[in-house]
Every structure is written in C-alpha cells, then in structure tokens.
Amino acid sequence: ASVTIVANVDAALVHNAGAAATITNNASVSNQITDPNTNNDIASVTTNVVAQADLAIVSFGAVTPPAEITVGQDTALLLRKVITNNGPSAPMDAALTRTGAGPADTAVTPGTATDQALAVALNEQRSLDENYTVRCDSAGPHTFTFASAIQPLRQGDTDTNGANNTASVDVSVNCVVPAALADFAIAS
C-alpha cells in the first residue's frame, strides 16, 4: 500500500532555526501475524525545508525634496521606502541595497549602501528611511536617480517573485548660484 503524508510546516520554522531546517518523518508497520522479515518494517524520510517568501518594495519616494539647491553646498535628501513580506514563510530577514547617482557635475553620498531589515513579518508594511547628501557643482536643472532593491538576507532563502524587488525614483532640482548684492546708494 502507498500512503502520502502532507505536513504543514510552521511559517517561522526556518527563521527560528536560523537556517534551512531538516524535518524527519518516521514510519513503522506492525502486524498481529509473525513477520518473516522485520528489517523492512521501519523507514525514515528527511526533507530539507527552506524559507520561501515574496519580499517586495511597496513604495519608494523622496520626502519633501528641495526645489532648489545652492551650487557647491551639500544638501540633505530623505527618501522613504515601504517593504513587505507576502509570505508564505514569515518572518524573513531581508538585505536591502540602495544606490544614488546624478549627472557628472554632481555628487551623491552614499553612492551605494547596504542595509538589513530583520524579521519582516507576514504582510507587515515596514517603513525605512534612506538619508543621502547631494551637491551640484554647476547651475541649472539636474536630475538625481535613486534605486532600491530587496532580497532574502540568508543564503538558501528564496524570493518567489522577483518582479517587485526593485524600485527607483528621480528627484529633479534646480541648482542655483546665490546672487550677491553690490553696495549701492540712493541718490536724493
């Protein structure tokens, strides 16, 4: 006789174990009649369980970006993203990569950075801030581009939908040169 056993695994099993986990199913048979071969009455099957979840960037954008930046002056820029874990495995640790770039006559710090979001729960909407410093070295309109990506932090964990793992945003500003007023006199 053939028997199929379906087991429901706790969604947090792999996270709580700290890595892929092995589960073992033991089966045995017995009979009231004397069995001529008891060597085949016990069997074991092991299954390697890995975490699988759909990590996603829900939204990504600049928080009150400046319309103008003074040439040669470092300016703080705040970006905010919201991430989630659509499961089924939860929680899951996530690795986040972010980049910022601008035209040749600008600077963005940091250019690239990595962060972690630990124990992202099922359907959690976690808000994360990214701080950048931008600078223009010449006047005129400039567009800075920022990108963000999410993936499982732990080796062996998998993301079931890579289509929602990246997001980008452009921030356009006008870089201006401050005008100095010359001394003047009012004639009477």
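**Start at a residue pair**

Select A107: it stands opposite R135 in β9. This is a predicted model, where local features need pLDDT of at least 70, side-chain atom pairs count only at pLDDT 80 or more, and totals for chains, interfaces and linings use all residues. Residues are numbered from 1 along each chain as its sequence is written, and side-chain values use heavy atoms, with hydrogens and water left out.

Now show all of β7, residues 106–109. Strands here are DSSP runs of E, at least two residues, numbered from the N terminus. T106 and V108 make up the covered face of β7, A107 and T109 the uncovered one.

Two strands count as paired if DSSP finds at least two bridges between them.

Go to β3 (52–63) and β5 (75–88): nine bridges join them, antiparallel. Pick F60; its bridge partner in β5 is K81.

**The other order**

Next, select β4-β12-β10-β6-β8, an open sheet of five strands with mixed pairing. β4 (68–70) and β8 (112–120) are at the edges, each with a single partner strand, so one side of each is left without a neighbour in the sheet.

Finish on β10 (140–152) and β12 (166–176), paired in the antiparallel sense over 10 bridges. P141 stands opposite N174 in β12.

Terms used. Helices (H or I, at least four residues) and strands (E, at least two) are DSSP runs, numbered from the N terminus. Buried means under 20% relative accessible area, exposed over 50%, partly exposed in between (1.4 Å probe, protein chains only).
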